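Please keep the sequence and structure in view while reading.

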Amino acid sequence: MTGKRRPPVSTKKKPANPHRTTKRIGLRDRLGRMTYRAACRLMGTDGVNRLRLASRLHVPSDEIRILGDTLRAKILENELTDGHAMVSIVEMANKPDGLHLHCEVCKTVCEHVAACLNFILEEKLFLGLSQEPDPHEPIENLTPDELVMRAIADRRKRAESEKMTLSSLDRTVPWTEYTVTSAESGKTYRIALRGSQPGESYCSCPDFRTNQLGTCKHILHALTKIEKRFSKARLSQAYVRQNFSLRVDYSEPLGLRFNLPEELSEGAAKILKKSANKTITDVDQAVKTLRALERQGESIHVCPDAEEFIEKRLLQRRLQTKTDEIRKDPTGHPLRKTLLNVELLPYQMDGVAFAVGTGRAILADDMGLGKTIQGIGVAHYWTPASLLRAKQWIRSSQA
Ligand SMILES: [Zn+2]
Ligand SMILES: [Zn+2]
């Protein structure tokens with residue numbers, strides 16, 4: 001063998017490798033498609049650790065901008081002369097993944113660049129890089145934002161492919177109540193369409209209640225249909241709220257939110273001084289505000305998901321109070337002997353109370369300490385009868 005020779009160009013069709021492409025696809029698309037794994041690769045040897053260590057650096061979200069084919073970000077670091085380093089990412093076809101990474105202070109791929117990549121991975125939605133991730137990318141490689149994007153993309157696909165009948169309460173306006181019936185399941189759900197963004201509308205389907213996306217295939221289906229029925233100008237006119245409503249806000253942190261009518265009475269404005277346009281995570285505060293508004297003569301529509309949310313939180317708190325009592329003296333608590341047909345050891349009683357009180361827990365006791373019996377104890381504690389008692393207690397204390 002003499003020297004190294006380039007292998008002949010294969011004429012066989014190879015699967016396209018997106019990381020070798022030299023085509024200009026635009027910086028936004030490139031960053032939008034960037035996965036955690038790709039970012040590690042861009043950071044070179046030990047990229048995983050370099051990205052992890054860079055999470056100590058702060059990137060102010062108003063100091064990161066994308067203009068044309070260049071992203072510029074200010075990374076704060078007190079030890080630097082200026083207190084910050086400017087990082088730029090430029091689309092360059094001949095660079096790995098088509099991206100040229102640069103730090104003005106270090107002149108190399110450094111911790112500042114890593115901090116910038118971290119920010120991009122975490123804040124794709126914020127930066128407007130909402131490119132749908134590659135459907136073949138394993139879930140564990142996706143960032144939380146990418147998981148959300150994929151979940152919405154899945155529902156959009158179903159919204160397009162499944163047959164549904166949509167009927168409107170008022171055909172002259174886009175933002176109104178609808179019912180949607182699935183041809184496949186025959187089930188009908190109620191939709192309150194209030195805008196095109198996730199979190200603005202409501203659907204009574206089970207997926208909407210649990211997916212925490214603020215949308216579902218029914219809402220997405222309805223939105224595509226009304227985009228055909230109404231002009232852009234008409235759709236851009238926001239929904240005018242006539243009445244109060246209380247809904248669940250599915251963004252982080254999960255909580256409750258009052259939707260306010262266009263015209264707010266003086267009394268209502270006073271009550272809502274602190275909680276207008278804010279997510280309320282404290283259920284007590286939400287219920288207190290609700291009651292105060294009702295006393296002012298306001299009528300408030302509590303959306304079914306909000307009702308369920310309040311009840312769940314109150315129930316969990318009631319259980320927590322009960323189990324805190326047990327945990328103060330697990331040895332002497334009567335439930336230790338009566339919960340199951342066998343007597344629980346004090347630490348087992350404590351384990352059961354802990355798991356029930358937190359709502360969800362991982363039991364990681366050593367082998368032989370009785371994880372099974374504790375699991376059965378938790379299940380037993382959660383029997384319909386004890387839940388019913390807790391619910392009745394909540395109702396009686398609310399009245
Ligand atoms: Zn640097
Ligand atoms: Zn739905």
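## Zinc site

The four donor atoms around the zinc ion (ligand 1) subtend angles of 105 to 113 degrees, so the arrangement is tetrahedral; four donors count as such if all angles lie between 85 and 135 degrees. The ideal angle for four tetrahedral donors is 109.5 degrees. The coordinating atoms are SG of Cys103, Cys106 and Cys110 and ND1 of His112, at 2.0 to 2.3 Å. Donors are N, O and S atoms within 2.8 Å of the metal (3.2 Å for Na, K and Ca), and water is not among the atoms, so sites may look incomplete.

In sequence, the donor residues follow the spacing C-x2-C-x3-C-x1-H. Cysteine 103 counts as buried because its relative accessibility is 0%, while cysteine 106, at 30%, is partly exposed. Buried means under 20% relative accessible area, exposed over 50%, and partly exposed in between (1.4 Å probe, protein chains only).

## Basis of the model

This is a predicted model, in which local features need pLDDT of at least 70 and side-chain atom pairs count only at pLDDT 80 or more, while totals for chains, interfaces and linings use all residues. Residues are numbered from 1 along each chain as its sequence is written, chains are lettered from A and ligands numbered from 1 in the order in which they are written, and side-chain values use heavy atoms, leaving out hydrogens and water.

## Strands

Strands are DSSP runs (E, at least two residues), numbered from the N terminus; two of them pair if DSSP finds at least two bridges between them. Strand S1 (residues 64-67) runs antiparallel to S2, with four bridges joining them. Seven bridges join S2 to the antiparallel strand S3 (residues 84-91), and leucine 71 stands opposite isoleucine 89 in S3.

Note on methods. Tetrahedral: all angles 85-135°; square planar, octahedral: opposite > 155°, others 65-115°.
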